[in-house]
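Please have a look at the sequence and the model first.

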Amino acid sequence: MKKWILILLAALLTAGLAACGSDKTNGKAKTVGDSVDYKIIGIDPGAGLMKASAKALKDYGLDDWTLVEGSSAAMTAALKKAYDRKEPIIVTGWTPHWMFSKFDLKYLDDPKGSFGKDETIHTLARNGLKDDLPDAYKILDQFHWTPDDMGVVMNRIEDGDNPEDAAAKWVKKNGDKVAQWTKGANKVSGDKITIGYVAWDSEIASTNVIGKVLTDMGYKVTLRQVEAGPMWTGVADGSLDASVAAWLPSTHADYYKKYKGKFQDLGENLAGTKLGLVVPKYMDIHSIEDLKK
Ligand code: PBE
């Protein structure tokens, strides 16, 4: 009997050691870096979030880490894949974003403040829009909603609605808000307006909503998807009439400085944003500083 117990204990001990062993490389405990191949899954290179993330790598001395360029869609696909397998992953993330309602995620603390403070999303108009399309200008100027509003549209899109339908449903249900935006504006008949945006999930939602509102007011609306740089250039050179996708004062600070005077900042359309490095809650790290270990 005793012999059996000893054999059993020995077997358990061996299995236990083997399990520990799989967590070690060359006798050293496996670090977070090892577990994710020293990669942070980023988005499109023009995003302010990518500049902030590159700055974070510097600020925290994470020299051997790579910020992987891609797109918002590629980032969320990688996140979903890792999350479903409970594998470690670190992504560049922001709020508002549907990923926080679909997955249990957390921001890594940023004690050095590389990602700046909370900011707001602004609406931009090209110079001269006020004279050329005064009613559209008024609506754009009065456009303001909340992260929860945006979340409704974003989640619908993530659940399979096309962006136009998701926006139309929201507009239909939120007549009171829309009435505030269109207050004092006259309907037009077929005036053309082009709104620029980047394929960030938050901006796909907001742009489609303002597009729907302008369409309902009689405009012939074009929503033009571009990269971040060209979005700012377009408003500055007048090839785009407006954008509701300017993150200020920090995230798009470079673009803002570069084109200052060549566009109109109509101010905040949404408050309550955040940017940073994001991981699934099942990962046992809490701060960007933990990546150094
Ligand atoms: N984002 C979403 C953008 C602004 C909107 C945070 C990815 C950026 O980083 O530029």
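What follows covers the ligand and its surroundings, then some backbone details.

Keep in mind that this is a predicted model. The ligand sits in the largest cavity. Its shell consists of Ile 43, Ala 47, Gly 48, Leu 49, Trp 94, Trp 200, Ser 202, Glu 203, Trp 247, Thr 251 and His 252. Sorted by class, that shell holds 6 nonpolar, 4 polar and 1 charged residues. Domain 1 (34-117 + 275-292) and domain 2 (120-271) each contribute at least three residues to the shell. Among the helices, H3 (48-59) and H11 (201-216) each supply at least two shell residues.

| Residue | Part of the residue | Distance to a ligand oxygen atom |
|---|---|---|
| Gly 48 | backbone N or O atom | 2.7 Å |
| Leu 49 | polar backbone atom | 2.7 Å |
| His 252 | side-chain N or O atom | 2.7 Å |

How much of the ligand's exposed area does the protein bury? Taken alone, the ligand exposes 280 Å², and the protein buries 100% of that.

Now to the backbone. Most peptide bonds are trans, and most residues other than glycine have a negative phi. The bond from Thr 95 to Pro 96 is cis, with omega near 5°; Pro 96 lies in the loop between strand S5 (91-95) and helix H5 (99-102). Leu 248 and Pro 249 are also joined by a cis peptide bond, with omega about 10°, and Pro 249 belongs to the loop between strand S10 (242-248) and helix H13 (253-259). Tyr 38 has a positive phi, near 55°, and is placed in the loop between helix H2 (32-35) and strand S3 (39-41).

Definitions and conventions: Residues are numbered from 1 along each chain as its sequence is written. This is a predicted model: local features need pLDDT of at least 70, side-chain atom pairs count only at pLDDT 80 or more; totals for chains, interfaces and linings use all residues. Side-chain values use heavy atoms; hydrogens and water are left out. A residue is near a molecule or strand if one of its heavy atoms lies within 4 Å of it. A polar contact is a pair of N or O atoms within 3.5 Å; within protein, one must be able to donate a hydrogen and the other to accept it, and residues adjacent in sequence count only if both atoms are side-chain atoms. Accessible areas come from the Shrake-Rupley method with a 1.4 Å probe; for residues, only the protein chains shown count as cover. On a 1 Å grid over the protein atoms alone, a cavity is a set of points where a 1.4 Å probe fits but cannot get out, and a pocket is an open set with protein on both sides within 12 Å along at least five of seven lines; lining residues have an atom within 4 Å of a point. A molecule sits in a cavity or pocket if more than half of its atoms lie within 2 Å of its grid points. Helices (H or I, at least four residues) and strands (E, at least two) are DSSP runs, numbered from the N terminus. Ala, Val, Leu, Ile, Met, Phe, Trp, Tyr, Cys and Pro count as nonpolar, Asp, Glu, Lys and Arg as charged, and the others, Gly among them, as polar. Domain bounds come from an automatic or database domain assignment.
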